[in-house]
Amino acid sequence: SSGINAEYGAIAAAYMAYHYHIDTVSTDPEGFWLFYNKPYIRITPYLVGIIGGWFYWAWGDVIVKNINSTPKHIRVILAVPVWIIACTVEYAVVYGVYPDFQLTIKQQEVPRVDGITYQSLARIGWALALITQVILCQCSLGGFINSLLSWKGWLVLSRLTYSVYLIHIGLLGILHLQIRGAFFLQPAFQMAAFYLGVLCMSYLYGAVLYLLVELPVAKLERILYHKKS
C-alpha cells in the first residue's frame, strides 16, 4: 500500500504542476501551499523510506550473507555503479534545476515539461537514491562513506533532526517577515551568513524542543511499553 500511495502522490504532483503551471523553481506562494504543505505530495519520501526499511528487514540478512560470500573485487564492481547512479540522481534533484533558475533570472518561460517532471519525480528519486545508499552501507558496500556516516559525532545532531525540521520553517518565516529591504542572493557571503545563522538558530531551538517535548515523550513511551510487556 505504501508503494501505491507513493505513486498516487507522484501522479497528484504531476497533475497539480500541470494544472497550476508550477515550474521547477517557482517562488509563487500558491506553489508553496500546494506542494510543501499538502501531505499527499510530501509523504512520498516517507513511504519510500517505509518500503526500504521493510525490504531490509525482510531480506537484509539474506543479502548480507550473499554479499559476504562474494569475492571482494566482484563486490566493488557491483557497488560502484550503484553508488554512481544514486549520487547522480541526488545531484540532479538538487542542481538539475539550475538551467531553469537561469531562465527565471532572465525572465524567460520555463518549459512546463520540466516542472511536471521535476515536481512528480524529484521527491521519489531523492528518497530512492538515499535508501539505496543506506542499504549499501548496511551491506558493507559503503567503504569510506559508511565510515564517515557512522562517525559517533553525528549521533547528537541526528537526534535533533526532527525538531530542527519542525522549527526551521517557522524561523525562516519570521526572518523573512522582518526583512525591511530587498534581499539578494549575491554577494555569496551575505547568503552564507544568512544560511549559517538560520542553521545555528534552528539547531539551538531544535535542541530546546527536543529536551522539552521529544525526549520526555520518548521516555514516557518506553515506560508505558515496558509496563505492558
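The report below goes through these stops in turn.

## About the model

This is a predicted model, in which local features need pLDDT of at least 70 and side-chain atom pairs count only at pLDDT 80 or more, while totals for chains, interfaces and linings use all residues. Residues are numbered from 1 along each chain as its sequence is written, and side-chain values use heavy atoms, with hydrogens and water left out.

## The cysteines

A disulfide is a covalent bond between the sulfur atoms of two cysteines. Here it is defined as a pair of cysteine sulfur atoms within 2.5 Å. Searching the whole structure turns up zero disulfides. Cysteine 137 is in none, and its nearest cysteine sulfur, on cysteine 139, lies 9.4 Å away.

Are these side chains buried or exposed? Buried means under 20% relative accessible area, exposed over 50%, and partly exposed in between (1.4 Å probe, protein chains only). Cysteine 137 is buried at 9%, whereas cysteine 200 is exposed at 53%.

## Serine 202

Serine 202 sits in helix 10, residues 188-228. Helices (H or I, at least four residues) and strands (E, at least two) are DSSP runs, numbered from the N terminus. This serine 202 is buried, with a relative accessible area of 3%.

Which residues does serine 202 touch, apart from neighbours within four places in sequence? It is in contact (heavy atoms within 4.5 Å) with Val164, Ile167, His168 and Leu171.

## Helix 5

Helix 5 covers residues 72-95 and has buried residues Ala79, Trp83, Ala86, Glu90 and Val93. Among the elements covering them are helix 7 (112-138) and helix 8 (143-149).

Terms used:
Expected span 1.5 Å × (residues − 1).
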